[in-house]
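The sequence and the coordinates are shown first, and the account follows.

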Amino acid sequence: MDAVAGTPRNGRVVRVSGPLIEIEGVAELSMLELVAIGPNRISSETVAITGDRAVLQAYEYTGGVTPGDVATGTGDQLVGLLGPGLLGQVFDGLLRPLSSAELWLTPDRASSTQDAATLAREWTFVPAVAVGTALESGDLLGTVPDAGSVEHRVLVPPGVSGELSWLVESAVVHASDVIAQVGGHDVTLAERWPVRRARPFRARATEAVPLHTGQRVLDLIYPLAKGSAAAVPGGFGTGKTLLLQQIAKWSDADVIVYVGCGERGNEMADVLQGLSELVDSRTGGRLIDRTVIIANTSNMPMMAREASIYTGITVAEYYRDMGYDVVVIADSTSRWAEALREFANRNGDLPAEEGYPANLASRLAAFYERAARVTTLGGRTASVTVIGAVSPPGGDMTEPVTTDTQRFVRSLWRLDRDLAYSRHYPAVSWTGSFARDADAIGLWYQAVQHSNWSARRARVISLLAEADRLASLAEIIGATSLPGHERVVLLGGRLLRDGVLMQSALSANDAFCSAEKGAALLDLCLAVIDKCQELIERGVVATSIEQADFGLVLRAKEETGPSDAQGVADRRDEALALLEALS
Amino acid sequence: MSDGIPRPETGLVSHGDVRELRGPLVVLGDVEGVGWDESATVVVDGEDDRHGLVLEVSDDQVTMQVLEGTDGMALGGIHVTFAGHPLEIPVGSGWLGRVCNGRGEPLDGGPPISGATTQPVNGWPLNPVHREPPKEPVLTGISVIDGLATLVRGQKLPIFSVPGLPHLALATQIAAQATSGGASFRVVFAAMGLTHADIAYVRDRLEERSAAGELVLLLNAADDPVIERILTPRIALTVAESLAFGEGHDVLVIMSDMTSYAEAVREVSAARREIPARRGYPGYLYSDLATLYERCGRVRGQEGSVTIVPVLTMPAGDITHPVPDLTGYITEGQIVLSADVEARGIYPPVDVLSSLSRLMRSGAGKGRTREDHLDVAAQVLAAIARARQSVELAELIGAGSLSETDQRYIEYQARVERELFNQRDDETRTFEDTIGRAWEALATLPRQELTMLSTAYLDQYLPKPHG
């Protein structure tokens, strides 16, 4: 935090209640400005100003802060230092590196822009343009080859343009070094950006391109387009975090920003270790080297949790501007909303639903709208996709965070407790989920991969719905009382659920599934179901079909490689021959 | 580790301008230089000292909660001195073998606990980067836990119960039997809001471990001051952290009953007229519980671990009640006790299908317990789920009309419950015994139903059919 030139703008603390601090006497304070409090210079953000007094939310534990302590206006908003060194590292909600921090997190740490280890690190800068070139915002200045598995591109910052009048000569530079002068502006290697402000771009792209997650139930049934937003509501124990971790590991994005917002410390350790051990098949590096982890666990200060969501998406936008497809995973947005609620209550705001402040919906909307597939200032096509977990209290899907979130996302993956309890993972329900871009994505598959993705999806959805309807009927009258073709539908539902939709995160063959293998598995299942219906029509009794060995179909996902579509297709003839033998 | 911000110049000033007494709260006026969250000593004429924690400071006014409650206090005759820093307690092995009340004062007739160093009871957040993902099991000797929901060192795994079920028997059995395979194991048992009969039972069950100097017992009875419960788990965890990360022990912390703790938090919140979230509990209950539960874990490159087993009773058996619900969101799984299972005469009455240990996949299996463990557990559970359908079907159409397979499933359920799940409340089973019983039960089923077990495991472990 840099003090404004001239006299320090000092005032004093008058009230402390948990993370809420009230101060008086700081001149010309503006909303969102950071104020340093007390001898430890605790970082606090201005959220309300009345006359000479102001209310702040503190980003640290406020134990020991006393009325009369000095409060100093910093002139800055909450900024993150965006530069090389983000990939592969872990940060807290204020983008301060945790990788280099002490074992116990006490309040006396430097801000992200002043962290000594970050500023001391040396980078190689390789220029890409010559002095004298006319440059616009977003144009490439050079690259930093030693900053992770994706090429780190240093761009002309937003709002800066003109002739490149000077370029750094030495190849070794630091985050705060000036590396170029463009139109009279100094451009430093790392950029300071206020995290609550979205980074600008040229235009939104309209074409829907699917994000391939490697998770069949998502890729085949409830897809997500790059640059749109999805929410994952699910009660505890429904496997939310595991699903998000799978997406972090396997989706075809260039960069992943994983925001652990008010969640478990052990989980963050697990993500970190899991990603460190896995190889990125696209780059050959480790998966952690394309990942930025923002960890504000549930026992860390609550208001930094509120900021962590914005920090995460700002980092994502930074990589988007370099031309990459970025996925932001926020686990969990409910904990973020709780931080909002906690503070609003302490501030005496009138509550709307369940104690949440009245602006909850608009805050959520503003966050999810930062997801976009865009043409960047530099003319690259790139995207930020947002996937937010929602943790409804008591599994109640009518609570405010869940209902408001549903309005602003394009895809909803509702996790079902019954599925989870029967160990059907990922427990994505096919009754309460949606994918609003499914038609557009179907067109993409048709145009680009020439596959009949939409038709396959439609057939699966109707089969599952029919099987569910018949299952509830069978519970009353017994499955044996159903006519043969309906018993085959029941069987087909089971084959689809167990053979395609269920996916083991722990299996080497099954944790990731290519689009082609997913399609092949569906085709195999559908062919077998068609064959069974044909047998019924030819008079084979349903019981003998039900007792047939479907192991070939059910184990196909496990016994073929992650991208082995041919291996799955090869089972088709054998499976059909086995059934034919029943007639 | 920092020990707060020392403020020696204010430490010994006594304040007597009491403006308001409301529930557990005291509002003092004319106070200067007192920081938020400081601890205080409250002297009431002619009575024992009480203890306070600052909840809000505003100009010259301080609002604090009194752990012992405000009963008998009047606007005059009270003197408060502030410590100048948040509450700290002595830590170290001086706690082992001791029995204390909910504020950490001895109940066993011994001298006050002392230690070479003190630590703030709130602790500091553990940097997630320094955490080691938990991966070694804690063996409890209880089949249904070791076999199906393995407790892992550094995990937090709660027991959800309803009043009337033997959760205290289970909690004390875990406390008495748990070991971590050779490493030095210590237990901190924090009782909150338990009846005197329950407390006597706990002391009796854990006597052996206490005598061996492996146990710290903190006891807050149902008729002890309610607000004291806010402190009890924090003392327990601060002691546990020092035993684990200072001295390298594997420490198990059992906290029972967390519902009583949450009620104390709610009482303070209501007295402060805060806007309630669900069922009158404050909106920060999640974060408050998280600051307790998140103190479990392991540290990279260090010996020792803190494992937490909170016990809570769900009011009216409602798992969506805020206390179990928020707990479930923070903890890594849950062990759910069920009255239906109890009614079938099974101890411990664990509802295995709603119970889950999320860390089991890294804490069990080859090199941890046994190579076939995870697959066997998955198969036992899948078969139980299938058996329930068969039982429901039998109720509809009669057991006689069931298919052969359904009948075998019903037989399997009876057998697995009797042989594997059921055990005496003082019985310690080895892991080999537990998994052997699981295989015996699975042998009731036709071999082709065991689809979750590989052919190799079936050949090696499946017992031959009897007779």
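In this predicted model, the largest nonpolar core has 311 residues. The residues with the most contacts inside that core are A:Val257, A:Val328 and A:Ile329, together with B:Phe189, B:Val253 and B:Ile254. When residues up to four places away in sequence are not counted, B:Phe189 touches B:Ala175, B:Val202, B:Leu206, B:Leu215, B:Leu217 and B:Ile254.

A second topic is strand E5 of chain B, which covers residues 50–58. Seven of its nine residues are buried, so E5(B) is largely enclosed by the rest of the structure. The table lists the strands with which E5(B) pairs.

| Partner of E5(B) | Residues | Sense | Bridges |
|---|---|---|---|
| Strand E1 of chain A | 9–17 | antiparallel | two |
| Strand E4 of chain B | 38–44 | antiparallel | four |
| Strand E6 of chain B | 61–66 | antiparallel | six |

Individual bridges can be named for each pairing. A:Arg15 has B:Ser58 as its bridge partner in E5(B).

In the hairpin of E5(B) and E6(B), two residues lie between the strands, and B:Asp59 takes a positive phi near 50°.

Note on methods. Residues are numbered from 1 along each chain as its sequence is written. Chains are lettered from A and ligands numbered from 1 in the order in which they are written. This is a predicted model: local features need pLDDT of at least 70, side-chain atom pairs count only at pLDDT 80 or more; totals for chains, interfaces and linings use all residues. A nonpolar core is a set of buried Ala, Val, Leu, Ile, Met, Phe, Trp, Tyr and Cys residues joined through C-beta atoms within 7 Å. A residue is buried if 20 or more other C-beta atoms lie within 10 Å of its own, exposed if 12 or fewer, and partly exposed in between; C-beta atoms are placed from the backbone. Two residues are in contact if their C-beta atoms, placed from the backbone, lie within 7 Å. Two strands pair if DSSP finds at least two bridges between them.
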